[in-house]
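Student: Could you take me on a close look at the charged pairs here, and then at the surface and the loops around them? I am new to this one, so please go step by step.

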Amino acid sequence: MTEQSLLARSIRTILFAGVSSAFFTMPAMAQQAQQSSQELVDEEQEEVERVTVTGSRIARIGDIAPTPVTVISGDGLVDAGVNNVADLLHELPSTLVGLSPETTNNTIFASGLNNTDLRGLGSDRTLVLVNGRRFIAGAPGSGAVDLNNIPTAMVERIEITTGGASAVYGSDAIAGVVNVITKKDFEGAELDVSVIRPFEDGGDEEFASITFGSSFDKASFVTNLSVTKSGQLSAMDREFLREAPIVLQNPEAAENPDDDTIPRLTFWGLGQQVLAAYSETSDFTTVFGDKYNYTPDGTLKPFSYGEPLPYPLGSGRQDYLGGDGYNFSENTYYRTPLDRINFTTHFTYELNRDHAMHLEVNYSKTDAYGEGSPAFLGFTVRPDNAFLTDEAQAIVQSDFDDRAAIRAGTYPGLGAIAVGQYTSGSILASDFGNRQYTQDRTLARASLSFEGSLGAGWIYDAYATVGHVQSDTEWYGELFEDRFYQAIDAVEVDGQIQCRDTSNGCVPLNIFGSEQFSDEAYDWVSTDAIRRASIGQTVLGATVTGDLYDLPAGPLATAFSVEYREEKSSTLPDPAMRAGLLFNNISSPLDGEYDVSEAAIELSIPVVADMAFADLLTIETAYRYMDYSTSGSDDAWKVGVNWAVNEDLRVRASRSKSVRAPNIGELYSPPGQTFASYFDVCDSDRVGELSTEYRDQIRANCAADGVPADFSPSDEWYGSTRPGFNVGNPDLSNEVAKDVTAGFVFTPSFVENLSLTVDYWDFEITNAISAVGVGTAVNLCYRSSSIDNPYCDLIERDPETFEIVNFFQRPVNAAYSQTSGYDIETAYRLSTDVGIFDFRLIGTYLDERISNSTGLAEDEIDATGEQARPEWRHRLITSYQLDNFSAVLSMTYRASTVLNNEWTPNQNDYNDVPSYTQFDLTTRYNVTPELQLRAGLLNMFDKTPPRRPGMYNQGAYYDLLGRRATLGINYSF
């Protein structure tokens with residue numbers, strides 16, 4: 001085949017791939033047979049350029065790829081009406097949302113982050129590259145990249161390959177690679193401005209970008225500055241969030257306890273659920289359950305409960321509609337406001353004909369804002385509290401006397417009962433404002449690289465990358481808990497109100513009413529707090545690629561790579577946070593680092609060429625050796641086959657081993673306090689709840705641990721969440737994944753502009769890292785063959801009461817995960833007299849998703865077809881173009897699922913999750929060659945999430961913003 005014909009075929013394929021869809025180019029750029037460079041290069045003709053496709057470091061002639069690759073064009077992001085790379089990646093059937101502004105409002109240190117999650121295997125198992133280089137992580141301790149730091153205006157294309165890529169790129173590539181290719185050259189300047197406006201309040205978005213570049217002599221550059229503002233969404237902004245589903249106990253089940261077909265919990269209806277435990281003006285409750293609170297001016301009144309729900313919640317608690325309590329909807333937020341500034345520049349200088357230097361600089365600043373309910377606290381009220389009104393003092397004094405009589409057994413009609421000495425009070429501290437925090441992240445990154453020819457068809461690429469992220473979290477209106485309790489316990493002395501305990505300069509605080517306290521009292525109990533965090537990354541690497549020698553079927557293509565990488569993370573919480581002085585915020589400092597040295601080789605071995613039923617058969621292999629300062633040495637490998645049967649059909653398959661090294665957070669996270677409720681298997685009163693298979697072993701191990709045979713935890717122990725710690729594990733080892741991919745690409749010559757791709761994939765991860773919850777740890781500690789096991793080390797018992805008083809939730813290498821399925825992509829172009837139509841369907845069928853956090857057979861979980869992982873997901877894109885007008889209609893579909901595969905009829909009546917389909921329409925019109933206008937409707941039919949428990953507010957799976965208009969303008973000059 002001549003060089004000219006090969007180029008013609010390559011260009012034809014690339015052009016079809018690029019224009020057949022506004023969003024996606026041809027899947028799997030694996031459509032040309034590789035030819036010997038000696039056959040392709042004639043001294044009298046121009047040399048053919050070699051290109052590198054994600055999934056391999058071998059620079060190849062044509063658009064060959066050894067693994068399936070899906071490509072999103074930069075124009076596809078614009079036509080999708082999105083201003084963030086993550087927003088479109090989240091719509092792909094092969095990905096799940098890792099973190100996003102819709103899922104992180106209450107995730108304090110991760111608020112506003114945007115991670116992608118290939119195959120649902122976890123963001124830390126998805127490697128994100130920029131121009132083939134590693135990019136710095138977005139959060140300290142993690143390896144996941146924050147896609148907020150990549151400006152959409154600079155995106156040339158995004159190449160996504162799934163399947164084990166560790167042999168080519170190293171750790172974190174278990175699920176695959178997302179490689180963002182940015183623009184390298186640009187002539188002139190381009191201004192782009194767009195807005196997104198929901199038809200209801202909340203969730204606005206504004207975007208402005210300027211891109212400019214030029215070339216002169218041997219140098220060229222392209223620079224972009226982008227600014228994005230995304231607004232907050234609260235539950236009160238949307239009726240389907242505000243009027244939330246309510247789940248209650250089913251009275252029919254209570255009447256028929258032996259009937260296993262009647263659900264114990266039922267979806268009662270919709271409303272604004274109110275918890276009566278707290279009120280904004282504070283309240284108190286007597287020993288006999290009489291509850292009072294205050295008007296804003298401090299006048300005592302009976303507590304208004306509102307309309308009681310007809311039945312208790314599953315926990316037995318009674319909630320209400322309306323009243324003075326805590327309204328969940330009023331204090332819930334679903335989208336984190338996010339402001340972004342991105343600056344990127346790429347500079348190229350040709351040192352000579354064969355060598356060039358590239359400098360890439362990234363700077364970004366993201367500000368996220370999180371908001372939650374006010375602080376909620378319980379306290380005791382003494383009869384002599386100086387801030388109580390006369391009426392309130394009389395009631396509290398009477399309650400104090402009643403409690404004393406009950407304890408002494410002298411209260412009429414009651415025997416001696418253990419009750420508290422003082423009246424119990426509680427408050428939702430609205431006067432201090434909602435708990436608010438900002439997350440300011442600043443990223444600076446530079447990559448310097450040199451590339452060129454070594455002669456005889458060999459080329460090199462050497463680079464150095466350094467990156468730094470400063471991530472500061474600040475809390476506003478925080479409370480010193482000890483000071484709060486000290487300040488509200490006020491007494492009158494010589495006609496002056498003062499704190500009962502006057503130490504520390506205590507200023508008395510009046511919480512009985514609204515805004516009844518002085519500024520001095522507020523300042524004494526409130527504070528701001530900050531946690532500073534930083535991430536550092538240094539990468540040095542080089543690749544040499546070329547043809548080693550000629551085989552009968554073509555050249556043996558190779559790539560040799562070496563890389564050194566160093567990762568660092570540290571956090572420094574506020575001293576008050578480290579001391580545990582603030583409400584619900586205790587945090588310890590983190591300081592961790594590791595380095596890794598790696599070497600890799602890739603081979604592309606042509607076996608057969610130009611034969612019947614084998615235009616070309618190539619074996620693709622790769623091997624990588626890595627040496628971590630933390631988890632030691634390991635390796636990864638890959639073996640694959642590419643078989644071009646003829647011009648119409650290409651078949652590919654691969655088998656590989658990938659690894660993921662534990663990240664800094666998993667290794668070195670300091671103890672961070674947490675709370676949990678769980679079942680103590682040594683409880684003698686609940687022996688009947690133990691599995692008969694392990695009952696005897698558990699009882700024997702409890703005895704071996706010194707727990708008495710008649711031990712039972714107190715009601716107080718069961719009635720409250722118990723303190724413990726989340727902590728890292730420096731003894732973790734690498735995860736190991738074995739995966740298989742197999743598929744074909746069919747581009748029939750008898751049907752012009754049609755392509756069909758089908759790929760099977762299977763991932764099996766062993767030695768997987770997972771955090772062991774305290775409930776699991778207690779279980780595994782005592783049902784093991786002896787108490788000499790790693791799980792018993794995670795719990796501590798009081799030597800006198802034998803109750804568990806502390807626990808550690810620590811990641812361990814015990815989990816197993818397997819997932820498999822099929823990817824299907826088809827594209828077709830139809831040219832007519834009234835315009836050009838392009839159709840592309842991308843679908844993923846999930847065949848299996850199995851996980852096991854302990855490795856024990858009985859702990860296996862089948863998540864196939866649950867809400868997070870429906871069996872079918874599709875994205876259909878239809879585009880139309882006529883002269884200067886174009887339109888794109890996209891449909892995103894999730895099949896019907898269930899909340900839990902382990903569901904049984906007696907559990908609840910809301911397990912089924914209906915299918916979900918959303919449509920987006922965007923249009924473009926070129927008014928002049930320089931001026932383009934855009935308009936569109938996103939979620940054009942205002943599709944809301946299912947109005948069912950566990951579904952209605954899931955921003956990771958459904959659109960929470962509703963119908964919204966998008967307008968944009970692009971001007972080039």
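**A close look at the charged pairs and their surroundings**

Tutor: Let's start at Glu 206, which counts as partly exposed because its relative accessibility is 35%, and partly exposed means a value between the 20% limit for buried and the 50% limit for exposed. Please keep in mind that this is a predicted model. The partner of Glu 206 is Arg 197, and the two form a salt bridge with their closest N and O atoms 3.0 Å apart. Arg 197 is partly exposed too, as its relative accessible area is 32%. Both ends of this pair therefore fall in the middle class, with 32% for Arg 197 and 35% for Glu 206.

Our next stop is a salt bridge where the side chains of Glu 360 and Arg 445 meet at 3.1 Å, N to O. Glu 360 belongs to strand β25, residues 355-371, and Arg 445 to strand β28, residues 436-455, so that pair links distant parts of the chain, 85 residues apart. Are these two residues buried or exposed? Glu 360 is buried, because its relative accessible area of 6% is under the 20% limit. Arg 445 is buried as well, with a relative accessible area of 3%.

Another salt bridge joins Lys 657 and Asp 634, whose closest N and O atoms are 3.2 Å apart. Because Lys 657 lies in strand β37 (residues 649-660) and Asp 634 in strand β36 (residues 632-644), this pair ties together parts that are 23 residues apart in sequence. Lys 657 counts as buried at 12% relative accessibility, and Asp 634 counts as buried at 16%. Salt bridges can also share partners: in this way Arg 125, Arg 660, Glu 666 and Glu 735 are joined into one network.

Now for charges gathered on the outside. Asp 75, Glu 156, Asp 185 and Glu 187 come together on the surface as a patch of negative charge. One of them, Asp 185, sits in the loop between β9 (176-182) and β10 (188-198). Asp 185 counts as exposed because its 57% relative accessibility is over the 50% limit.

Phe 973 is found in the segment after β53, and Phe 973 counts as exposed with 54% relative accessibility. Asn 970, in turn, lies in strand β53 itself, and Asn 970 counts as buried at 10% relative accessibility. The Asn 970 side chain makes a polar contact with the side chain of Asp 192, at 2.8 Å.

Two loops are worth a visit next. Gln 867 is in the loop between β46 (860-862) and β47 (872-882), and this glutamine is buried, with a relative accessible area of 7%. From there, the side chain of Gln 867 reaches the backbone oxygen of Gly 950 at 3.1 Å. The other loop runs between β7 (133-134) and β8 (155-162) and holds Pro 140. Pro 140 counts as buried because its 18% relative accessibility is under the 20% limit.

To finish, let's compare distance along the chain with distance in space. Pro 140 and Ile 535 are 395 residues apart in sequence, yet their C-alpha atoms are 5.7 Å apart. Now try Leu 233, which lies in strand β13 (residues 233-234) and counts as buried at 1% relative accessibility. How far apart are the C-alpha atoms of Leu 233 and Asp 217? These two residues are 16 apart along the chain, and 51 Å separates their C-alpha atoms. You can look for both pairs in the view: Pro 140 with Ile 535, then Leu 233 with Asp 217.

Conventions: Residues are numbered from 1 along each chain as its sequence is written. This is a predicted model: local features need pLDDT of at least 70, side-chain atom pairs count only at pLDDT 80 or more; totals for chains, interfaces and linings use all residues. Side-chain values use heavy atoms; hydrogens and water are left out. Patches are made of residues with over 30% relative accessible area and no salt bridge: like charges are joined within 9 Å, nonpolar side chains (Val, Leu, Ile, Met, Phe, Trp, Tyr) within 5 Å. Accessible areas come from the Shrake-Rupley method with a 1.4 Å probe; for residues, only the protein chains shown count as cover. A salt bridge is a side-chain nitrogen of Lys or Arg within 4 Å of a carboxyl oxygen of Asp or Glu. Lys and Arg count as positive and Asp and Glu as negative; His and the chain ends are not counted. The place of a charge is taken as NZ of Lys, CZ of Arg, CG of Asp or CD of Glu. Helices (H or I, at least four residues) and strands (E, at least two) are DSSP runs, numbered from the N terminus. Buried means under 20% relative accessible area, exposed over 50%, partly exposed in between (1.4 Å probe, protein chains only). A polar contact is a pair of N or O atoms within 3.5 Å; within protein, one must be able to donate a hydrogen and the other to accept it, and residues adjacent in sequence count only if both atoms are side-chain atoms.
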